[in-house]
Amino acid sequence: MTIMNEKETVLVIDDELQIRRLLEITLSASGYKVLQSSTGKEGLVEAATLHPSLVILDLGLPDADGIEILKKLREWYSKPVIVLSVRDSEKDIVSALDNGANDYLTKPFRSGELLARIRAALRSVNENPDNNFLVFDTLSIDLQNHVVRKNNEIVKLTSTEFLLLSLLARNEGRVLTHQYILKEVWGYGYIEQTQYLRVFIAQLRKKIEDNPARPTFLNTVSGIGYRFGS
Amino acid sequence: MKLVISKFRKSVVFSYFVSVMVVALVTLLCYPLSNTQQYYLVSFILLFAVFIMAAFMTIGPVFLAAALSSLAWNYFFIPPHNTFHIEKTDDILMFVLFFSIAMLNGILTTRIRRQEQLAVEREERTALLFQLTQQLSKAGSIDEVLKISIEEIRRNFSANVFFILQDGNNILYSSGRLQKDKMLNSDEYEVAEWSFRNKQEAGALTGNLNHVDCTFFPLPGTKLIPGILAVKPPFQVAGEKRTFWLTFITQVSNALEREFLAEMAGKARLLDESGRLYKTLFNSISHEFRIPVATIMGASDSLLNSQHPVNVQNVLSNEIFTASVRLNRLIGNLLNMSRLESGKLSVSLDWCDINDLVNKVLDDLKDELEFFTVRVSIPENMPLVKIDFGLMEQVLYNLLFNSTQYAKPGTNIDLLCDFENHGLQISLKDEGPGFSEEELKKLFTKFYRVKGSKTGGLGLGLSIVKGFVEAHSGTVTVENNHPSGAIFTIRIPTEVTDFKNLMILDDHE
């Protein structure tokens with residue numbers, strides 16, 4: 001974990017007092033400063049005035065649908081948003097991710113899991129976006145020269161594999177939906193061709209994972225997409 | 001329709017023509033005998049010709065042949081020749097006799113033929129009815145009965161029919177049962193309704209309410225009237241064919257009534273079952289949910305109100321966590337069961353890497369699996385399969401979770417995935433106690449719990465497995481492993497990827 005010079009602030013927008021209290025205790029204990037809002041409107045105002053480093057957003061808010069709040073927030077807020085909701089259908093999750101959420105966690109959740117997601121989301125922001133050289137444990141990716149090294153040895157990747165890997169790696173910690181990845185790597189016409197994605201992910205895993213059966217970099221998010229982690 | 005009529009006319013005209021020609025030909029052939037005294041012989045030859053014609057033709061042409069031949073005989077052969085005048089009294093008698101015999105001959109022969117034909121037709125109808133009855137007896141649902149009936153009626157009567165059934169409370173629906181696109185307009189519905197209430201034919205070409213463009217026949221039932229049969233364009237049958245038609249729809253109606261009653265009985269049973277389901281559900285909920293809730297309350301209360309050393313605090317926190325995981329699992333299973341029960345389960349098939357699926361489940365269950373040796377076998381060339389990831393994840397989770405609950409720690413759990421005969425096959429073998437014959441039979445039943453099983457379940461896990469697998473049109477079976485344990489095998493028909501085709505895409509820049 002990176003050492004924080006000043007406390008990162010996390011804004012929790014959730015109407016359930018118990019959840020807010022739990023999050024405040026858990027996040028404070030991990031060194032974050034916690035702001036709270038119980039309605040969507042209040043949350044938008046707080047986000048605009050207090051500039052939190054990250055927003056945790058519930059979808060079932062009393063005054064507006066969380067997706068609408070997310071859309072409004074995304075008009076100007078570029079920092080990570082993690083959705084935390086009881087809604088667990090693939091449709092809801094994909095909709096939240098497509099509308100700009102970085103990650104999605106369903107309630108009930110494990111605090112450890114939430115903290116890990118928050119760390120991953122913040123790290124990707126803190127990294128220099130112009131950085132063309134990404135390093136994750138034993139894996140390094142030179143975006144400019146298209147060179148990928150695993151344990152300091154060059155890994156031969158096809159152009160599509162490289163595109164796919166660099167897209168995921170540049171969005172470390174963020175869940176990218178199947179459709180988004182297909183659109184970015186193959187183009188609009190391939191948006192339904194999830195089998196391409198599966199095949200190429202399997203190939204990539206064989207090349208960069210220590211144990212392709214237990215991937216650590218290319219993580220599957222069931223029925224939704226993939227998340228790059230390290 | 002016009003074509004048929006013109007063909008028919010043609011054939012009638014043609015047979016009259018043939019009858020004239022035959023008489024002319026026979027007369028011509030016999031003409032050399034006209035100057036002899038052999039004109040009696042000619043009469044026999046002509047009679048024979050009429051007789052032969054009667055065997056092939058309908059009454060009209062035969063009549064014509066009889067009349068023509070008697071006239072020809074008179075004109076050409078009875079002296080004086082080439083006149084219709086007859087000199088001798090016995091010749092007049094002969095002429096009258098000839099005419100009568102020719103006529104009678106024609107009438108009798110055609111009547112015999114007609115009866116023979118009717119007998120054949122009747123036999124055919126009996127055969128058709130028998131065939132219909134046989135087919136209908138094989139039908140296992142209302143829709144199957146209707147499908148067969150519509151097809152058979154089209155084949156035997158060339159009529160386009162659809163069935164308007166009642167809803168079980170004597171209210172007619174307004175559209176065809178199988179053919180939802182066949183909607184009745186309000187006029188037609190009124191007539192249909194009248195026909196249904198009065199058990200009489202109505203609509204076009206009938207004597208009742210014939211202002212609509214559709215003919216309705218009530219389906220005669222013994223206990224209830226399943227509905228009515230609508231024919232569009234209108235349809236009419238008469239005579240023998242009508243009897244056949246009525247017998248036909250009676251057969252259909254009987255079969256329909258049988259299925260109708262069965263369906264109603266099924267609904268009643270379902271209601272009864274869901275009543276029982278709720279009772280069991282509430283009993284289970286109150287019991288199964290209270291245990292983890294009690295743990296959470298007790299442990300947290302103790303944490304709040306007593307000063308415990310850190311290690312005891314940890315134990316209590318752990319208890320709370322375990323109980324909440326258990327509660328969460330119970331809620332998950334209940335939600336899944338209600339999705340299955342409501343019939344609103346939607347299966348969204350997408351390409352899936354079985355390795356992903358297995359990893360996800362093993363990861364979710366890593367705490368439970370800590371003391372087991374899990375051996376996973378997935379072929380190197382395993383293709384992608386098209387399944388609903390979320391549902392199958394639940395299926396594998398429930399099966400694997402069960403094994404961790406019943407098998408002893410330290411034993412092996414084998415997870416074998418394979419692809420053969422256009423299907424995905426997943427087998428899970430454990431070395432637990434296995435099941436008795438009785439248990440094997442009831443295992444997939446809702447709320448069924450094996451005797452002596454650990455607390456903490458509603459008995460829903462395996463019925464969810466079965467429901468989700470069947471939603472994929474697949475099957476799940478269970479047998480005992482040797483020397484001990486259980487083997488669950490899932491088979492799901494699915495599409496596979498063609499890897500060769502996919503590799504071409506890698507040239508993409």
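**Entry 1: naming the elements**
Helices here are DSSP runs of H or I with at least four residues, strands are runs of E with at least two, and both are numbered from the N terminus. I worked on a predicted model throughout.

**Entry 2: cis prolines in chain B**
I began with the peptide bonds. The bond that joins B:K232 and B:P233 is cis, and its omega is about -5 degrees. I placed B:P233 in the loop between β4 (227–231) and α7 (239–305) of chain B. I then looked up B:H482 and B:P483, whose peptide bond is cis as well, with omega near 0 degrees. B:P483 sits in the loop between β10 (475–480) and β11 (486–493) of chain B. I noted these bonds because most peptide bonds are trans.

**Entry 3: a positive phi**
Next I looked at the backbone of B:L209. Its phi is near 45 degrees, which is positive although the residue is not glycine. I went back to the general rule: most residues other than glycine have a negative phi. B:L209, too, is in a loop of chain B, between β2 (202–203) and β3 (215–218).

**Entry 4: salt bridges**
How many salt bridges are there over all chains? My count came to 27. A reminder to myself: side chains of opposite charge can pair when their charged atoms come close. I picked out B:R155, which forms a salt bridge with B:E152, with 3.1 Å between the closest N and O atoms. How far apart are B:R155 and B:E152 along helix α5 of chain B? They are three residues apart in α5 (residues 142–157), so about one helical turn separates them.

**Entry 5: where chain A meets chain B**
I turned to the contact between the chains, to which chain A brings 29 residues and chain B 27 residues. About 2200 Å² is buried between chain A and chain B, and carbon and sulfur atoms give 50% of that area. I found two salt bridges across this interface. In a salt bridge, A:R110 meets B:D367 through their side chains, at 3.8 Å from N to O. I also listed seven residue pairs in polar contact across the interface of chain A and chain B, both residues being at pLDDT 80 or more.

Which helices of chain A supply at least two residues each to the side that touches chain B? I noted α6 (159–170), α7 (178–185) and α8 (194–208). Of the elements on that side, α8(A) gives the most, with 10 residues. By class, the side of chain A that touches chain B has 12 nonpolar, 10 polar and seven charged residues.

**Entry 6: the second largest pocket**
My last stop was the second largest pocket, with a volume of about 490 Å³. It is lined by 20 residues, and those closest to its centre are A:A202, A:K206, B:D353, B:N355 and B:E380. I traced the lining to its helices: α8 of chain A, and α9 (354–364) and α13 (499–503) of chain B, each supply at least two residues. Here α8(A) has the largest share of the lining, six residues. I sorted the lining of this pocket into 10 nonpolar, four polar and six charged residues.

Note on methods
Residues are numbered from 1 along each chain as its sequence is written. Chains are lettered from A and ligands numbered from 1 in the order in which they are written. This is a predicted model: local features need pLDDT of at least 70, side-chain atom pairs count only at pLDDT 80 or more; totals for chains, interfaces and linings use all residues. Side-chain values use heavy atoms; hydrogens and water are left out. Contact means heavy atoms within 4.5 Å. Buried area is the accessible area (1.4 Å probe) that two parts lose on being put together, summed over both. A salt bridge is a side-chain nitrogen of Lys or Arg within 4 Å of a carboxyl oxygen of Asp or Glu. A polar contact is a pair of N or O atoms within 3.5 Å; within protein, one must be able to donate a hydrogen and the other to accept it, and residues adjacent in sequence count only if both atoms are side-chain atoms. Ala, Val, Leu, Ile, Met, Phe, Trp, Tyr, Cys and Pro count as nonpolar, Asp, Glu, Lys and Arg as charged, and the others, Gly among them, as polar. On a 1 Å grid over the protein atoms alone, a cavity is a set of points where a 1.4 Å probe fits but cannot get out, and a pocket is an open set with protein on both sides within 12 Å along at least five of seven lines; lining residues have an atom within 4 Å of a point. Grid points are joined across faces, edges and corners, and a volume is the space filled by probe spheres set on the points.
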